[in-house]
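Hi,

Here is the structure I promised to pass on. Have a look at it first, then read my notes below.

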Amino acid sequence: MAKKPGSRLSKLSVYLYIPNIIGYIRILLNCTAFYLCFTNKILFSILYFFSFVCDAVDGWAARKFNQVSTFGAVLDMVTDRISTACLLVVLSQVYRPGLIFLSLLALDIASHWLQMYSTFLLGKASHKDVKDSTNWLFKAYYGNRIFMAYCCVSCEVLYLILFYLAENQTEKLVDVLKINLKRISILSFLIATSLFGWAIKQVINIIQMKTAADVCVLHDINKKHKQ
């Protein structure tokens, strides 16, 4: 059956929402950044961080222009997760043990995937809707934009600093952190403050994964009871 012209236009208009266009720009920035990551660390860091900043801009644009969409939300999360995943893979190649970064990657992907799936099971409009959660830290994270921004920025800044500090492919992560934390400098201050926010973010990921898994299990139990 042929689609009506109006349906094609409406789909195109959603794809061309301002926040979604910003999302496409983020993808281009990240592709360029990772293409240059081993040849120009400074330019890589600038492009990657600018893409990360655009993550806040697209959310603002969606609310400002009343262009909130499911596609935009998925595009935003997928871009976030792939960007962080790629950076963690790069870090796993320049630090030992690399398994640390691969484990962080797995935790990040698993927790957000489960959270998105549980959101759909509960019929919620956003994965950030955790008002019914009993965990105060989980609610504080999604309920306070400043707190969430601090944790997210801390992770990205820490990863970028670690990549910048890596001089070869045999660096020991613990040694690099110890050496730089002992120094009195802006860099050591950034590492210390970022480590705290990074640690909270990992705790949130664990809580999120467990909470979302419980929702999936309860959904299965309810289905069995209805049979």
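**What I found**

Let's start with Asn20, which sits in helix 2 (helices are DSSP runs of H or I with at least four residues, strands are runs of E with at least two, and both are numbered from the N terminus). Before going on, note that this is a predicted model, in which local features need pLDDT of at least 70 and side-chain atom pairs count only at pLDDT 80 or more, while totals for chains, interfaces and linings use all residues. Residues are numbered from 1 along each chain as its sequence is written, and side-chain values use heavy atoms, with hydrogens and water left out.

Is Asn20 buried or exposed? With a relative accessible area of 2%, Asn20 is buried (buried means under 20% relative accessible area, exposed means over 50%, and partly exposed is in between, using a 1.4 Å probe and protein chains only). If you leave aside neighbours within four places in sequence, Asn20 is in contact with Val14, Tyr15, Ser69, Phe71, Gly72 and Leu75 (contact means heavy atoms within 4.5 Å).

**Salt bridges**

How many salt bridges does a search of the whole structure find? There are 6, a salt bridge being a side-chain nitrogen of Lys or Arg within 4 Å of a carboxyl oxygen of Asp or Glu. One of them pairs Asp55 with Arg26, with 3.5 Å between the closest N and O atoms. Asp55 belongs to helix 3 (residues 41–64) and Arg26 to helix 2 (residues 18–36), so this pair ties together parts that are 29 residues apart in sequence. Both Asp55 and Arg26 are buried.

Arg26 also meets Asp76 in a salt bridge, at 3.2 Å from N to O. Here Asp76 lies in helix 4 (residues 70–94) and Arg26 in helix 2, so parts 50 residues apart in sequence are tied together. As for Arg26 itself, its relative accessibility is 2%, so it counts as buried.

Another salt bridge joins Lys124 and Asp132, whose closest N and O atoms are 2.9 Å apart. Lys124 is buried at 19% relative accessible area, whereas Asp132 is exposed at 53%. Going back to Arg26, salt bridges with shared partners link Arg26, Asp55, Asp76 and Asp80 into one network.

**Helices 4 and 5**

Two packed helices are described by the angle and the distance between their axes. For helix 4 and helix 5 (residues 99–122), the axes come within 8 Å and cross at roughly 165° (axes are lines fitted to C-alpha atoms, for helices over the stretch in contact, and angles run from 0 to 180 degrees between N-to-C directions). That makes helix 4 roughly antiparallel to helix 5 (the word is used for angles over 145 degrees; under 35 is roughly parallel, 65 to 115 roughly perpendicular, and the rest oblique). Among the residues making the contact are Val74, Met77 and Arg81 of helix 4 and Phe101, Leu102 and Asp108 of helix 5.

Leu121 is also in helix 5, and at 29% relative accessibility Leu121 counts as partly exposed. Which residues does Leu121 touch, leaving aside its neighbours within four places in sequence? Leu121 is in contact with Cys216 and His219. Leu121 and His219 are 98 residues apart in sequence, but their C-alpha atoms are 7.6 Å apart in space.

Happy exploring!
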